[in-house]
Amino acid sequence: MKIPLVYNVRSLLRRPVSSAMTALGVALVVGVFIAMLALANGFKMALVRTGSPDNVLVLRKGADSELSSGIGRANAAIIAALPEIAAGSNGQPLASPEVFVPMSLDAATGGGDRLVVTRGVSAQAFEVRQNVRLIAGRRFAPGRDEVIIGSAIAPRLAHSAVGDTIHFGGRGWLVAGHFSSGGSAFESEIWGENEQLMPVLRGEFYQVIALRLRSAALFDEVKRTLEDDRRLQVDAHRESDFYAAQSTVLRVILNFLAVFITGIMAIGAVFGAVNTMYAAVASRTGEIAVLLTLGFRPRSVLASFLAEAAFLALVGGLLGCLVALPINGVVTSTTNWSSFSMIAFQFLVTPRILLEGVLFSLVMGVLGGFFPARRASHLPVIQAIR
Amino acid sequence: MKFLPLVWANLTRHKRRTVLTTLSVALALFLFASLRSVVTTLRAGADVGSESRMIVQSAKAIVFFLPRSYKERLAAVPGVAAVTWADWFGGVYQDPKNFFASFAADAESYLELYKTDLELPADQKATFLRERTACVVGKRLMDKFGWRLGQDITLKGTIFQGDWTFTIRGVYRAVDPSFSEDALVFHYEVIYERYPQWVNPGWYVLRLKEPSLAPRVAAAVDSMFKNSADPTKTGTERAFNANFMTMWGNVSFLMNSIGMAVVFAILLVAANSMMLSARERTNEVGVLKTVGFTDRLLFGLVMVEASTIALGGAVLGLGAAKALYRPTGFSAMGFLPGFDVTNGTLAMGLGLAVLLALASGLVPAAGAARLSAVQALRHVE
């Protein structure tokens, strides 16, 4: 027969301070756990959302980032002529040869400069990268010294309001508009026309060519065609995979930190739970003996105390979720080491992460409660009742 | 002193509880020391750069090259004692996960300029300089991959396309622990043979005759190239490193907030366990008071007990951190060279332990002191 859960809840409430302290300890661990996972997740999502599975990125053979790539004009023309590329609304192939360079720009506050990705794109880019939307102003005009700035980076740069002139590469550029792209890494970039940016950046080379295929299923065929062409010396990547891979280094570091830090914290919290539960068992020796005498099986007593520990930790876990929730959407920035430039992104708390936090708290509770619960179920009844 | 056996008896009554609480405190302070050391190591990384060396880079951004012709012009600037340059190569050894720094450098002047920071045996240096396809490698990198002197290693270029094979002719040790030993340096001429138009200085390094000349040299260099196609940005190596460290973003804030959360979480554990002990001993407190123990003495006894746990945990946790990182050469994959728990961090950790002792002992100790003997004896748990 099962011992009703209300017995455990009432028991916990009889020792409010001790119970609250244990739950708070668990809450802090879960809070830190969720915050760190939200950080890693936000960074990953910023890069994952950048790429679309329908798009292909063509880079120089061996280049592991857009930064280290380079493709000449002649080869760009060969690549853009592939028959598998979809046609845009103007009938031209949806291929955007792009220049990609991190530039030093003045920070909005605190002085110093920030490295920001400057991407020169063709008019087709807005059809290739379908998640890019203007949120203020207008697009840059072809043939003019104009740029548009990503919404995540704009508040962090000086002279970045629409209508301002921002200086880099030895020239001033009119900020024509701001754009967003669903939280992707493009929001940390500055876009201008490739023909205008090419001469001030790195000369007669594109860094990357973004293609939109008629169908995502054509990817393997296109990849083979491009990589087998001895003239080109390029690698073709599925855009979504490529950008997701760019997040690997930092994500590995963040996940390691999350596991390392919260793992150690969790051991401490489990110790706390063990202490609390042993004390609970010790002070309720008489009660437990009565329960056993009444005919409750030792198994039920074990389950009851485990449930008590788990419940206590669960309360802590839920509290931890509440504490960590406001961090969702907070914007932070770091350097994306594969492009060497600043990327701003949001902490992203997902239901899955919250669930992981709650499960984590349950695990802590069960671990902390197990030995005390076993002690309770093994109590020698005669001695205990005296 | 004569009450120490009493404190000891109290501590060992619930051995498990005392051990677990001490271990939680130890874990918390270990974590605190680790997190804080990330911050201090980053700061130290920003401080190591020499004040008598300057870095000249492109004003556009660090990924832009400067012309090779600047070398002579920089050498002629008053106050400059020596000039060298290097460029990021970014080679991959076998697997992109094996990340390490590799530079193409103007080898002879490079070794000369850094001679006080690098320990490289003279014969190895001579062989390296003679042989165009040779490279020198940091000791740590050698150990990491198990390379041998004289071995040929092949890197895959990420910027300079193709496979590049170098013969290891020298192994250097860093004199200053913050100078990375996870790097590989080779002759830029190797790349020049294949891509003559592409290998150019990513940055120049200047050695000054005197550190005080830095502002004047910086101004002279930057104004000299101001209106050229490749304007420069010049700063001391220290400022360069400091700026590089800011690229990580708000690491210190993140580490400090987590550190605080950890310490607070463990404070709850420790305080809880002290309070549990105190509550169980209410009757004893009554007995002790009856036989003449003063309030003050009882207060002191509980505080000593709490301090023993907190300080014991601190010694364990801080000691483990100190013993673990430096001797094992931990550097977070080369991102944090010279990772070490500083004395300042140890002192802060001890300070936290004292606070922990006060915070966790104060409530039960005051409770024990305040309790009247009669009340305590009537107390039924």
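What share of the 386 residues in chain A is buried? Buried residues make up 52% of chain A. Here a residue is buried if 20 or more other C-beta atoms lie within 10 Å of its own, exposed if 12 or fewer, and partly exposed in between, with C-beta atoms placed from the backbone.

The model is predicted: local features need pLDDT of at least 70, side-chain atom pairs count only at pLDDT 80 or more, and totals for chains, interfaces and linings use all residues. Residues are numbered from 1 along each chain as its sequence is written, while chains are lettered from A and ligands numbered from 1 in the order in which they are written.

Start with confidence in chain A. pLDDT is the predictor's confidence in each residue, from 0 to 100. Its mean over chain A is 87, and 99% of the residues of chain A reach 70 or more. Among the elements of chain A, strand S6 (residues 146–150) has the highest mean pLDDT, 94. Helix H12 (residues 381–385) of chain A has the lowest, 76.

Now the overall build of chain A. Its secondary structure consists of 12 helices and 14 strands. Helices (H or I, at least four residues) and strands (E, at least two) are DSSP runs, numbered from the N terminus. The radius of gyration of chain A is 29 Å, well over the 21 Å that the globule rule gives for 386 residues, so chain A is more spread out than a compact globule. That radius is taken over C-alpha atoms, and the globule rule is 2.2 Å times the number of residues to the power 0.38. Along the principal axes, the C-alpha atoms of chain A fill a box of roughly 95 × 50 × 30 Å.

Contacts in chain A reach across the sequence. Two residues are in contact if their C-beta atoms, placed from the backbone, lie within 7 Å. Of the contacts in chain A between residues at least 6 apart in sequence, 83% join residues at least 24 apart.

Next, the domains of chain A. Domain 1 covers 5–48 + 248–385, and domain 2 covers 55–214. These bounds come from an automatic or database domain assignment. The C-alpha centres of the two domains of chain A lie 46 Å apart. Their contact takes 13 residues from domain 1 of chain A and 15 residues from domain 2 of chain A. On the domain 1 side, the elements that give two or more residues are helix H2 (16–48), strand S13 (331–336) and strand S14 (341–346) of chain A. S14(A) gives the largest share of that side, five residues. The residues on the domain 1 side divide into eight nonpolar, five polar and no charged. Ala, Val, Leu, Ile, Met, Phe, Trp, Tyr, Cys and Pro count as nonpolar, Asp, Glu, Lys and Arg as charged, and the others, Gly among them, as polar.

Turn to strand S3 (residues 95–106) of chain A. Of its 12 residues, 11 are buried, so S3(A) is largely enclosed by the rest of the structure. Two strands pair if DSSP finds at least two bridges between them. S3(A) pairs with strand S11 (residues 208–212) of chain A in the antiparallel sense, over four bridges. Pro97(A) has Ile209(A) as its bridge partner in S11(A). S3(A) also runs antiparallel to strand S4 (residues 113–121) of chain A, and eight bridges join them. Asp106(A) is partnered by Asp113(A) in S4(A). Ser104(A) stands opposite Leu115(A) in S4(A).

S4(A) leads on to another strand. Eight of the nine residues of S4(A) are buried, so S4(A) is largely enclosed by the rest of the structure. Five bridges join S4(A) to strand S9 (residues 189–193) of chain A, and this pair runs parallel. In S9(A), Trp191(A) is the bridge partner of Arg119(A).

Now chain B. Its secondary structure comes to 14 helices and 10 strands. The radius of gyration of chain B is 30 Å, well over the 21 Å that the globule rule gives for 381 residues, so chain B is more spread out than a compact globule. The C-alpha trace of chain B spans about 95 × 45 × 30 Å along its principal axes. Of the 381 residues of chain B, 42% count as buried. Domain 1 of chain B takes in 4–46 + 249–378, and domain 2 takes in 60–230. The C-alpha centres of these domains of chain B are separated by 48 Å.

Last, the two chains together. Their contact takes 40 residues from chain B and 44 residues from chain A. On the chain B side, helix H2 (15–48), helix H9 (237–246) and helix H10 (251–280) of chain B are the elements that give two or more residues. The largest share, 13 residues, comes from H10(B). The chain B side divides into 23 nonpolar, 12 polar and five charged residues.
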